[in-house]
Amino acid sequence: MVDLQTQYLKIKDEIDNAMQGVVDAARFINGPDVAMFQSELAAYTHAAHAITCASGTDALQLALMSLDLEPGDEVITVPFTFVSTIEVICLLGLKPVLVDVLPDSFNMDVDQLENAITSRTKVILPVHLFGQCADMERILSIAEKHQLYVVEDACQAIGAEVRFSDGSARQAGTMGTIGCTSFFPSKNLGCYGDGGALFTQNDVLAEKIRKLANHGMPRRYHYDCVGVNSRLDSLQAAVLRVKLKYLDDYIAARQLAAKRYTDILSGNKGFQCPAVSPFSTHVFHQYTLKLNGLDRTCIMDKLSDSGVPSAIYYPMPIHLQRAYENLGYAPGEFPVAEELSQRVLSLPMHTELSEEQIKYITDILLTF
């Protein structure tokens, strides 16, 4: 699904030198590469502050921790997402309130958003799924109207850009109160382990997040708040500093691969290719088809027999998962999310896909 080995070999000398530099300096925690990467990441995204942490999941948790929410406060998000989005809400004693997603972009159905707002609602948490952004202009307008925070789950969409009606454009993770991203190895900007970051334009929130991520310490052995231990280590920062220079190239390669897939498959009624929203670029963290009347298991078996991996993101929406039965949602309440879980199929998507590989994969699909 992701050819990290070939990607590494193309930048091997730079990666090896960067990691060796950290080893030589023996500055493994909060070394200079961490500070430099934060600065470079902020410059790339045009965020006032980019604050690194240990994972995308931690980024989401730290974002919510920084907002002084109280147990029982409600956070509106979606059921069709990776579990981290809702997991952190529950871990903090907050209440997830779900709205369905759109059948084409798979992102939050903003038409349903205002009906989900109550007197306990404090946060809207849109997920920029598979590489393109939710309708942030409308979400931000609703949030302003109801005086709500917006925390963006941009863990799959770094580098995607939203175009607003006034002609301005902003990157995923930089539009809300706080944005979160992940550097899991398979991400468009991935390290060689776990890692994450938060973005904010708010100086006060940035300082608070930095403290929360470091045991609540503004300076050594002085604690202003109850925090956690969530740091990006220096080796991962060194890797990310190298790869950040190539992120635009990586995005372009994914977009080209997606276009090739779509050009070949879009004429076949059995496959519904990914839609690209008119207001957001798509960086294709995943290339996810919807199958129309085809047996997904048989297709996956046929691909596997031919040496081609595939994946289902996600086979069961969160509200139907055993761990989240206590949220009180029943089958049928989010019909789009439930239908998607039965019909989606993700194909290999990475920076090293060749024309020959894409033709090989699509030939199998079209033969089926």
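In helix α8, the buried residues are S234, Q236, A237, A238, V239, L240, V242, K243 and L244. The model described here is predicted. Helix α8 is thus mostly covered, with nine of its 11 residues buried. The surroundings of these buried positions are formed by α1 (4-10), α2 (12-25), α3 and α9, against which they pack. At the start of α8, the backbone nitrogen of L235 has a side-chain oxygen of D233 within 3.0 Å.

On the α3 side, the contact involves D33, V34, M36, F37, E40, L41 and Y44, which meet S234, A237, A238, L240, R241 and L244 of α8. By residue class, this contact of α3 with α8 comprises nine nonpolar, one polar and three charged residues. An α-helix has 3.6 residues a turn, so residues three or four places apart point the same way.

M36 is classed as partly exposed because its relative accessibility is 36%, a value between the limits of 20% and 50%. The C-alpha atom of M36 lies 7.9 Å from that of R241, although the two residues are 205 residues apart along the chain.

The largest nonpolar core contains 63 residues, of which F37, L41, F80, I139, F183 and L189 touch the most other members. Two or more residues are contributed to this core by each of α3 (32-45), β3 (95-98), α6 (136-146), β9, α8 (234-244), α9 (247-265) and α11 (335-343). Helix α3 supplies the largest share, five residues. Another core, of 24 residues, lies apart from the largest one and includes A63, V151, I178 and A213. For I139, the contacts beyond its neighbours within four places in sequence are with M108, V110, L113, I124, P126, A134 and V150.

Helix α7 (residues 203-213) has L205, A206, I209, K211, L212 and A213 as its buried residues. Among the elements that cover these buried residues of α7 are the strands β1 (49-53), β8 (178-182) and β9 (196-200), together with helix α4 (56-65). The N-terminal end of α7 is capped by N202, a side-chain oxygen of which lies 2.9 Å from the backbone nitrogen of V204. Just after α7, H215 adopts a positive phi of about 65°.

Q156 is located in the loop between β5 (149-153) and β6 (161-163). Its relative accessibility is 12%, and Q156 therefore counts as buried, the limit for this class being under 20%. The side chain of Q156 reaches the backbone nitrogen of F130 at a distance of 2.7 Å. With neighbours within four places in sequence left aside, the residues in contact with Q156 are H128, L129, F130, G131, K187, V283, H285 and Y314.

Technical notes: Residues numbered from 1 in each chain as written. Predicted model: local features only at pLDDT ≥ 70, side-chain atom pairs only at ≥ 80, totals over all residues. Heavy atoms only, no water. Buried < 20%, exposed > 50% of the residue type's maximum accessible area, 1.4 Å probe, protein only. Helix = DSSP H or I, 4+ residues; strand = E, 2+ residues; numbered from the N terminus. Contact = heavy atoms within 4.5 Å. Polar contact = N/O pair within 3.5 Å; in protein donor to acceptor, adjacent residues only side chain to side chain. Core = buried A, V, L, I, M, F, W, Y, C linked by side-chain atoms within 4.5 Å. Nonpolar A, V, L, I, M, F, W, Y, C, P; charged D, E, K, R; others polar.
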